[in-house]
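Dear colleague,

I am handing over the structure we spoke about, and I would be grateful if you would look through it alongside the notes below.

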Amino acid sequence: MTTAAAAGVLAALVRRGATVAVAESLTGGLLGATITTAAGASAAFRGGVIAYATDLKAALLGVPEDLLDREGAVHPAVAAAMARGVRDLARATYGLAVTGVAGPDEQDGKPVGTVHIALSGPEPSLWHRDVSLAGSREQIRENTVRESLDLLRSVLDTTVGEHTG
C-alpha cells in the first residue's frame, strides 16, 4: 500500500511540475527509500537528509539551536524547521519532514509513538500533522511514512490548479 501511495504522490508531483525533498529523523531513510521505489522517482524526488542526531538538525537543516535546547528534537516547530530547511537545501517545491519517537524508550520526555510531520511548500505555506502511533518500533516507522505520504497527497489534491513551481 505504501509503495502505491508513493507512486501516486510522485505522479501528482510530476503533473504539477513540482518536486519534493525529505528530512528524516525517526524513519532513518525509510521515507526517501519508499518514495524512490516507484519507477521514474527522479522526475520529482530531489533527495533527502537523515538528521538522526539532534545536532545535525541544526547543522544540516538550520533548525534553531535555541528551539532544540528549549523543546528537544521531538516538537512540531522542529518538524517545521526541518521541512523548510530541506526544501531550501534541495531547492525543492516541497520539503517533507518527520521527527518523533519510535521507541523502545521515550525521548525528551515524549512517549513512544509521538510523531510530528511537517510539509513546507512555496512560502509561506506550511502544513502539520501531529500523530500518536501505537505498535512496534518498525510499525511506528512504517506508519509515519504512510502518514507523511498521506499529508503530501492531501495537500497536492487540495492545491490542484494552483501554480506550485
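This is a predicted model: local features need pLDDT of at least 70, side-chain atom pairs count only at pLDDT 80 or more; totals for chains, interfaces and linings use all residues.

Residues are numbered from 1 along each chain as its sequence is written, and side-chain values use heavy atoms, with hydrogens and water left out. Helices (H or I, at least four residues) and strands (E, at least two) are DSSP runs, numbered from the N terminus.

Helix packing

Helix 1 (residues 2-16) and helix 6 (residues 137-158) have axes that come within 10 Å and cross at roughly 30°; the axes are lines fitted to C-alpha atoms, for helices over the stretch in contact, and the angles run from 0 to 180 degrees between N-to-C directions. Helix 1 is therefore roughly parallel to helix 6, given that angles under 35 degrees count as roughly parallel, over 145 as roughly antiparallel, 65 to 115 as roughly perpendicular and the rest as oblique. The crossing of these two helices is left-handed, a term used if the near helix is turned anticlockwise from the far one by less than a right angle, with right-handed used if it is turned clockwise. On the side of helix 1 the contact (heavy atoms within 4.5 Å) is made by Thr2, Ala5, Ala6, Gly8, Val9, Ala12, Leu13, Arg15 and Arg16, and on the side of helix 6 by Val145, Arg146, Leu149, Leu152, Arg153, Leu156 and Asp157. Sorted by class, this contact has 9 nonpolar, 2 polar and 5 charged residues, where Ala, Val, Leu, Ile, Met, Phe, Trp, Tyr, Cys and Pro count as nonpolar, Asp, Glu, Lys and Arg as charged, and the others, Gly among them, as polar.

Helix 3 (residues 54-61) and helix 5 (residues 76-90) also pack together, at an angle of about 40° and with their axes 9 Å apart, and helix 3 and helix 5 are therefore oblique to each other. Helix 3 passes helix 5 in a left-handed crossing. In this pair, Lys57, Leu60 and Leu61 of helix 3 meet Val78, Ala81, Met82, Gly85, Val86 and Leu89 of helix 5, and by class the contact has 7 nonpolar, 1 polar and 1 charged residues.

Buried positions

Thr99, which sits in strand 3 (residues 94-100), is buried with a relative accessible area of 1%; buried means under 20% relative accessible area, exposed over 50%, and partly exposed in between, with a 1.4 Å probe and protein chains only. A polar atom of the Thr99 side chain lies 2.8 Å from the backbone oxygen of Ala73. Once neighbours within four places in sequence are left aside, the residues in contact with Thr99 include Ser25, Lys57, Ala73, His75, Met82, Thr114 and His116.

Ile117 lies in strand 4 and is buried, its relative accessible area being 0%. Its C-alpha atom is separated by 8.1 Å from that of Thr144, 27 residues apart along the chain. With neighbours within four places in sequence left aside, Ile117 is in contact with residues including Ala79, Leu96, Val98, Trp127, Thr144, Glu147 and Leu151.

Which residues does Arg141 contact, leaving aside its neighbours within four places in sequence? They are Leu26, Thr27, Gly28, Leu30 and Ala102. Arg141 belongs to helix 6 and is buried, with a relative accessible area of 16%.

Loops and backbone

There are cis peptide bonds to look at. One runs from Gly103 to Pro104, with omega near 20°, and Pro104 is found in the loop between strand 3 and strand 4 (114-120). Another joins Glu123 and Pro124, with omega about 5°, and Pro124 is found in the loop between strand 4 and strand 5 (126-132).

Asp108, in the loop between strand 3 and strand 4, has a positive phi of about 50° although it is not a glycine, and it counts as partly exposed at 43% relative accessibility. Arg91, in the loop between helix 5 and strand 3, has a phi near 55°, a positive value in a residue other than glycine, and at 69% relative accessibility Arg91 counts as exposed.

Gly40 lies in the loop between helix 2 (30-35) and strand 2 (45-50) and is exposed, with a relative accessible area of 51%. The C-alpha atoms of Gly40 and Ala11, 29 residues apart along the chain, are separated by 9.1 Å.

Key
A polar contact is a pair of N or O atoms within 3.5 Å; within protein, one must be able to donate a hydrogen and the other to accept it, and residues adjacent in sequence count only if both atoms are side-chain atoms.
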